[in-house]
Amino acid sequence: MTATGAPTAHRPPTPVVLAGARGHGQWHLRNLARLTALGLVRLAGVCDAVPLTAAEYDGELPPQSPDLGHLLDVTGAPVAVVCTPIPTHADLALTAARRGVHLLLEKPPTPSYAEFDRLTEGLAAAGTACQIGFQSLGSHAVPAIRRLLAEGAIGRVTGVGGAGAWARDEDYFRRAPWAGRRRMNGVDVVDGALTNPLAHAVATALALGGAPHAADVVRVETELLRANDIESDDTSCVRVTTAGGPAVTVAATLCAEHPEEPYVVVHGERGRITFWYKQDRVLLQRAGHGPEETEYGRTDLLENLLAHLADGTPLLVPPAATGAFMKVVEAIRRAPDPAALPPGTWHRIPSRNGRVVPGVERLVASAADTLSLFSELGAPWAAPAATFPEAVGNR
């Protein structure tokens with residue numbers, strides 16, 4: 001059964017191993033419990049450096065091991081969900097793939113394009129299926145928006161913007177050793193506002209701009225900044241020049257004074273379409289018509305992977321469909337380290353244990369609305385963009 005209640009053919013529950021059961025892994029545990037209740041899966045094992053306790057798990061604990069390969073061998077599970085620290089994604093995914101195990105791999109798939117290449121080549125050699133965990137691309141709003149664009153609802157598309165204005169406290173950047181890091185022990189991490197918490201805004205904007213693949217990206221401009229005492233960016237924007245398509249500009253912050261729902265907006269000559277992707281909500285505004293708002297369902301990505309394995313249903317987010325996103329990750333990885341925002345441009349709110357940049361949410365919205373970078377909008381603390389045409393290969 002999909003998240004919208006569509007029936008599926010009866011089949012025995014598929015054994016699934018979860019790698020990474022804490023943090024966002026808790027969401028996967030809850031989703032696996034939902035799918036278990038529907039008779040679609042059986043949690044065959046949990047791989048984590050520290051085993052789950054009975055207090056952390058509602059039910060009889062499944063087999064556990066810190067060694068994913070060993071756990072897959074002893075359980076025989078044909079599917080694994082990998083929700084572990086970013087630098088471990090490729091190694092763990094390939095550990096599974098070499099055993100013929102199919103994957104739901106959390107985003108970002110890897111911290112560099114070289115690792116993404118290694119991942120995709122390994123998956124192809126193993127012949128295993130892999131779904132990347134951009135849940136927003138499972139929204140039924142995505143094909144609906146594509147149909148509206150194909151029908152010319154807003155005329156020729158002139159650009160796509162994305163905006164994410166969130167607030168994260170200082171503990172967020174201490175939740176794991178790799179949090180807020182660009183690299184650790186000589187290994188790329190590339191955590192940051194646009195590559196991790198608000199990565200969906202980037203991937204969704206590229207998808208709606210008709211530029212999901214690596215070869216669709218011509219140039220990436222980045223402006224990376226930070227109010228928090230971290231290595232990575234917490235306030236940033238990128239502009240992607242696409243091959244023959246519209247420009248895609250996405251701005252994000254984790255330092256909003258007044259947090260808002262993130263969204264993607266498609267600009268056209270005769271209107272615009274706004275998609276609040278966490279809510280599956282779409283607003284169509286066009287000349288000669290009143291505003292039209294619609295809420296959609298979504299297909300769970302693990303359910304989609306199971307359907308793909310059962311009857312060949314196309315994957316919603318195969319690795320190739322995240323190639324353009326990985327070009328953005330690579331440009332951010334190769335950009336100069338994020339600049340610290342000057343004193344006086346941010347302040348700390350003790351009750352929230354977090355830092356805020358006053359007015360940044362308006363700036364983020366303006367970037368999505370005008371397809372401009374922070375520096376072009378007159379932000380006094382924004383440095384000129386770093387540009388990376390060399391981050392774009394021919395893959």
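Reader: Which residue forms a salt bridge with Arg182?

Author: This is a predicted model, in which local features need pLDDT of at least 70 and side-chain atom pairs count only at pLDDT 80 or more, while totals for chains, interfaces and linings use all residues. Residues are numbered from 1 along each chain as its sequence is written, and side-chain values use heavy atoms, with hydrogens and water left out. A salt bridge is taken as a side-chain nitrogen of Lys or Arg within 4 Å of a carboxyl oxygen of Asp or Glu. For Arg182, the closest N and O atoms are 2.8 Å apart, and the partner is Asp337.

Reader: Where in the chain do Arg182 and Asp337 lie, and how many residues apart are they?

Author: Helices (H or I, at least four residues) and strands (E, at least two) are DSSP runs, numbered from the N terminus. Arg182 is in the loop between strand E7 (157–165) and strand E8 (183–184), and Asp337 is in the loop between helix H8 (323–334) and strand E17 (339–340). The pair thus links distant parts of the chain, and the separation is 155 residues.

Reader: How many residues apart are Glu303 and Arg34?

Author: These two form a salt bridge, with the closest N and O atoms 2.9 Å apart. Glu303 is buried at 6% relative accessibility, whereas Arg34 is partly exposed at 31%. Glu303 sits in helix H7 (residues 301–311) and Arg34 in helix H1, which puts them in distant parts of the chain, at a separation of 269 residues.

Reader: Which residue pairs with Arg22 in a salt bridge?

Author: Arg22 is partly exposed, with a relative accessible area of 28%. The closest N and O atoms of the bridge are 3.3 Å apart, and the partner is Asp48.

Reader: What is the angle between the planes of Tyr113 and Phe116?

Author: Rings of Phe, Tyr and Trp (its six-membered ring) pair if their centres lie within 6.5 Å; planes under 30 degrees apart count as stacked, over 60 as edge-to-face and the rest as tilted. The count by this rule is five aromatic pairs. Tyr113 and Phe116 are both in helix H4 (residues 113–126), three residues apart, about one turn of the helix. Their centres are 5.5 Å apart and the pair is tilted, with a plane angle of 55°.

Reader: Which charged residue lies over the face of Tyr113?

Author: A charge sits over a ring if NZ of Lys or CZ of Arg is within 6 Å of the ring centre and within 35 degrees of the ring normal. Tyr113 itself is buried, with a relative accessible area of 8%. At 3.9 Å from its ring centre lies Lys327.

Reader: What is the volume of the largest cavity?

Author: On a 1 Å grid over the protein atoms alone, a cavity is a set of points where a 1.4 Å probe fits but cannot get out, and lining residues have an atom within 4 Å of a point. Grid points are joined across faces, edges and corners, and a volume is the space filled by probe spheres set on the points. Two cavities of 30 Å³ or more are counted. The largest has a volume of about 50 Å³.

Reader: Which helix gives the most to the lining of the largest cavity?

Author: The lining includes Leu137, Pro212 and Phe325. Helix H6 (199–208) and H8 each supply at least two residues. The most, three residues, come from H6.

Reader: How much space lies in the largest pocket?

Author: A pocket is an open set of points with protein on both sides within 12 Å along at least five of seven lines. The largest pocket is lined by 37 residues, and Gly23, His24, Cys83, Glu106 and Asn196 lie nearest its centre. Its space is about 1,100 Å³.

Definitions and conventions: Buried means under 20% relative accessible area, exposed over 50%, partly exposed in between (1.4 Å probe, protein chains only).
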